[in-house]
Number of protein chains: 2
Amino acid sequence: MKRILFFLFVLVALSMNAQRGFAPQPVSSPEIAKNGAVTFRVKAPKADTVKLIVDSRVDTLMMRQADGTWSITLRDLEPDLYMYYYVIDGMKVLDNKNAQVLRDVSTVMNTFVLDPDGDSPVAVHDVPHGEVHAVWYDSPTLGMTRRMMIYLPPGYEASHQKYPVLYLLHGTGGDETVWLEQGRAAQILDNLIASGKAEPMIVVMPNGHTDTPTAPGLGPNNNEQPTFAHKQWMEGTFESSFNDIMTWVDNNYRTRPSKRYRAIAGLSMGGYHSLYISANQPDDFNYVGLFSAAIGRMDQGKSKIYDNLEEKLVNQFKQRPRLYWMGIGNKDFLYKDNEEFRKLLDKNRLRYTYHESGAGHEWANWRDYLVIFTQLIFK
Amino acid sequence: MKRILFFLFVLVALSMNAQRGFAPQPVSSPEIAKNGAVTFRVKAPKADTVKLIVDSRVDTLMMRQADGTWSITLRDLEPDLYMYYYVIDGMKVLDNKNAQVLRDVSTVMNTFVLDPDGDSPVAVHDVPHGEVHAVWYDSPTLGMTRRMMIYLPPGYEASHQKYPVLYLLHGTGGDETVWLEQGRAAQILDNLIASGKAEPMIVVMPNGHTDTPTAPGLGPNNNEQPTFAHKQWMEGTFESSFNDIMTWVDNNYRTRPSKRYRAIAGLSMGGYHSLYISANQPDDFNYVGLFSAAIGRMDQGKSKIYDNLEEKLVNQFKQRPRLYWMGIGNKDFLYKDNEEFRKLLDKNRLRYTYHESGAGHEWANWRDYLVIFTQLIFK
């Protein structure tokens with residue numbers, strides 16, 4: 001009877017697929033070889049051209065085989081998280097053989113983890129895992145209840161310890177979920193803590209867009225779509241309401257609520273937020289991380305948050321932050337703005353750590369920067 | 001400068017899309033009118049046929065317009081969560097205008113919430129929201145650390161109260177995430193608690209497949225794909241390790257750890273699990289919910305969990321559970337098995353509540369059953 005019911009389940013599943021017009025295909029994709037070669041396959045007998053797009057890293061034509069399957073094998077990819085899709089005769093199509101998907105701003109893509117040596121910090125390994133909480137905090141400053149994600153280090157629940165806190169901020173296209181999804185923050189922290197390379201820490205991931213309480217679709221505007229174009233954008237409201245987040249976190253988790261045990265870092269817009277929040281609150285953060293930061297002092301006059309930056313930085317560095325870390329790719333469209341900012345720091349003899357990588361304004365860099373930055377803090 | 005940078009961001013985003021072969025299209029989809037009519041549009045100038053598939057509810061051809069956009073308007077859809085995709089010349093294609101997607105077993109689909117009257121229990125409303133925790137618990141019985149999701153009612157963190165617990169189990173195609181995603185459990189509980197229709201409760205959503213520690217992709221087998229075909233399946237290991245979950249939950253959350261304040265419910269395989277766990281632990285659950293349960297006593301002899309069911313049920317009902325609830329659709333392929341089970345209960349004069357709905361083995365029913373069941377428990 002068990003087997004009968006099982007086959008019934010499978011038949012229902014297959015027949016549902018068949019009804020929907022997809023006969024089961026003997027195609028496996030992506031197929032990851034032990035040496036790290038990745039083969040992509042998609043059946044499209046009537047197509048004229050099939051392309052494979054992988055992040056901003058690969059954009060290539062695929063080869064047609066006799067049975068109408070198109071395929072290509074990529075070699076020498078670095079261990080990392082990858083996102084990809086097909087373009088079949090100009091139309092974006094996901095890989096139906098791969099149900100793992102992620103959203104990059106408004107583009108949904110398939111995803112896989114490449115970890116041929118079994119030691120990538122972005123892969124899940126058999127190590128203790130931290131909890132992840134989706135919480136709602138009151139922001140009296142904004143008059144809103146807002147969603148936020150919290151990573152707790154393995155052992156938090158069983159211990160009575162207090163922990164340092166990293167505030168980790170997203171970019172213009174992101175929201176409170178993106179550091180956990182494309183950013184692999186939980187996996188990175190789990191792995192670095194397990195190997196003793198990073199200290200156990202709480203990681204707080206708020207939503208940096210003050211015109212919305214949540215990631216698209218999780219707030220009362222149920223069918224909201226992700227966008228780059230926010231009504232409120234880098235105009236001071238997030239920075240000036242940041243204490244609401246810190247207060248809530250210190251009240252609700254076992255934190256060490258002092259500068260010594262507090263870090264703030266962010267990518268792109270989140271780097272800009274980190275820069276201004278830490279400059280305006282020089283007694284609050286011992287560690288600052290600017291990942292491909294959207295620097296440019298573009299909002300002077302818009303909010304007192306952005307006024308007198310040079311003076312604020314000089315004052316901030318007088319309080320001797322243990323680490324002021326900047327990372328940027330040499331192809332990033334914000335490279336020059338970051339160079340200008342370094343000149344400003346240099347002119348004032350303010351000590352920072354600078355990390356220049358390859359590539360541009362992209363997640364491969366931001367995951368890397370998180371791996372580097374989290375090993376330098378709270379030591 | 002702010003505007004320049006903003007336009008730069010937008011240009012980069014648009015040009016990335018353009019590079020990928022998608023010129024921006026003046027197409028909006030799905031467009032939801034105030035009266036609840038939903039218009040789907042997709043641009044496919046070269047296509048011969050374009051179909052729209054909505055759950056198991058709609059499978060229809062779309063109409064080509066002069067500019068190569070295909071469209072269709074659906075009216076009279078019930079308020080609910082919907083999942084859909086297009087089939088363009090036989091190929092499954094997602095709606096590129098809608099970045100909201102969900103996975104149904106191994107099929108990724110677009111999704112939207114239809115709530116024309118602003119009162120659907122599955123929609124997000126401006127009410128207090130509960131926290132959702134992704135936790136890892138030790139299962140000594142299985143020798144595994146496993147992932148599980150926990151919903152905490154609004155106010156849990158601020159209160160010192162203890163709460164009742166609903167254990168909510170998924171089906172063969174699901175995992176620990178599915179009641180929160182397709183099931184909308186957090187939204188349903190938030191809404192029913194806010195309106196006073198349900199008692200504040202903790203909802204525990206474990207993973208019912210004992211051959212894996214997590215949903216696909218969240219465990220050490222990073223690129224695991226969802227499947228109906230599990231190595232261990234309805235053979236007693238989940239039921240016999242269930243006390244590990246209850247113990248962990250009672251140790252880590254402010255529960256009321258007694259039968260009076262404990263419920264167990266599940267869909268399909270999760271209904272089967274709920275049936276056998278509650279029958280084997282008659283002193284533990286005051287409320288039992290079987291949602292389209294995979295009943296059939298198919299595993300007698302496989303595990304003592306499944307032996308002597310009739311005797312166990314008689315004993316369970318002697319302990320007078322407050323509610324033994326069964327729901328099933330009149331088109332469900334498990335309808336007859338549920339009818340047989342009711343006959344068994346009737347024969348023994350065991351009192352249950354029976355809810356027969358339309359439709360079959362599908363999420364529209366399971367969301368409904370959760371809405372009904374959670375209003376009946378802990379009162």
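Q: At roughly what angle do the axes of helices α5 and α6 of chain B cross?
A: Helix α5 (residues 269–280) of chain B and helix α6 (residues 309–318) of chain B have axes that come within 8 Å. Helices (H or I, at least four residues) and strands (E, at least two) are DSSP runs, numbered from the N terminus. Axes are lines fitted to C-alpha atoms, for helices over the stretch in contact, with angles from 0 to 180 degrees between N-to-C directions. The axes of α5 and α6 of chain B cross at roughly 65 degrees.

Q: What kind of model is this?
A: Residues are numbered from 1 along each chain as its sequence is written, while chains are lettered from A and ligands numbered from 1 in the order in which they are written. Local features need pLDDT of at least 70, side-chain atom pairs count only at pLDDT 80 or more, and totals for chains, interfaces and linings use all residues, in what is a predicted model.

Q: Which word describes how α5(B) and α6(B) lie to each other?
A: Angles under 35 degrees count as roughly parallel, over 145 as roughly antiparallel, 65 to 115 as roughly perpendicular and the rest as oblique. α5(B) and α6(B) are therefore roughly perpendicular.

Q: Is the crossing of α5(B) and α6(B) left-handed or right-handed?
A: A crossing is left-handed if the near helix is turned anticlockwise from the far one by less than a right angle, and right-handed if clockwise. Where α5(B) passes α6(B), the crossing is left-handed.

Q: How many residues of each class make the contact of α5(B) with α6(B)?
A: B:Ser278, B:Ala279 and B:Asn280 in α5(B) meet B:Leu309, B:Lys312, B:Leu313 and B:Gln316 in α6(B). Two residues are in contact if their C-beta atoms, placed from the backbone, lie within 7 Å. Ala, Val, Leu, Ile, Met, Phe, Trp, Tyr, Cys and Pro count as nonpolar, Asp, Glu, Lys and Arg as charged, and the others, Gly among them, as polar. The contact of α5(B) with α6(B) divides into three nonpolar, three polar and one charged.

Q: What is the handedness of the crossing of α2(A) and α8(A)?
A: Helix α2 (residues 185–194) of chain A and helix α8 (residues 363–374) of chain A have axes that come within 10 Å. Those axes cross at roughly 35 degrees. The crossing of α2(A) and α8(A) is right-handed.

Q: What classes of residue make the contact of α2(A) with α8(A)?
A: From α2(A) come A:Ala185, A:Ile188, A:Leu189 and A:Leu192. From α8(A) come A:Arg367, A:Leu370, A:Val371 and A:Thr374. By class, this contact has six nonpolar, one polar and one charged.

Q: What distance separates the centres of domain 1 and domain 2 of chain A?
A: Domain bounds come from an automatic or database domain assignment. For chain A that assignment gives domain 1 (24–114) and domain 2 (131–374). The centres of domain 1 and domain 2 of chain A, taken over C-alpha atoms, are separated by 33 Å.

Q: Which strand supplies the largest share of the side of domain 1 of chain A that touches domain 2 of chain A?
A: Nine residues of domain 1 of chain A are in contact with 11 residues of domain 2 of chain A. On the domain 1 side, β7 (80–88) and β9 (101–104) of chain A each supply at least two residues. The largest share of that side, three residues, comes from β9(A).

Q: Which strands stand at the edges of the open sheet of four strands in chain A?
A: The sheet has the order β1-β2-β6-β5 (chain A), with antiparallel pairing. Two strands pair if DSSP finds at least two bridges between them. Each edge strand has a single partner, so one side of each is left without a neighbour in the sheet: these are β1 and β5 (63–64) of chain A.

Q: Which residue of β6(B) is the bridge partner of B:Arg64?
A: β5(B) and strand β6 (residues 69–74) of chain B run antiparallel and are joined by two bridges. The partner of B:Arg64 in β6(B) is B:Trp70.

Q: What is omega for the peptide bond that joins A:Ser29 and A:Pro30?
A: A:Pro30 is found in the loop between α1 (2–19) and β1 (31–32) of chain A. The bond from A:Ser29 to A:Pro30 is cis, and omega is about -15 degrees.
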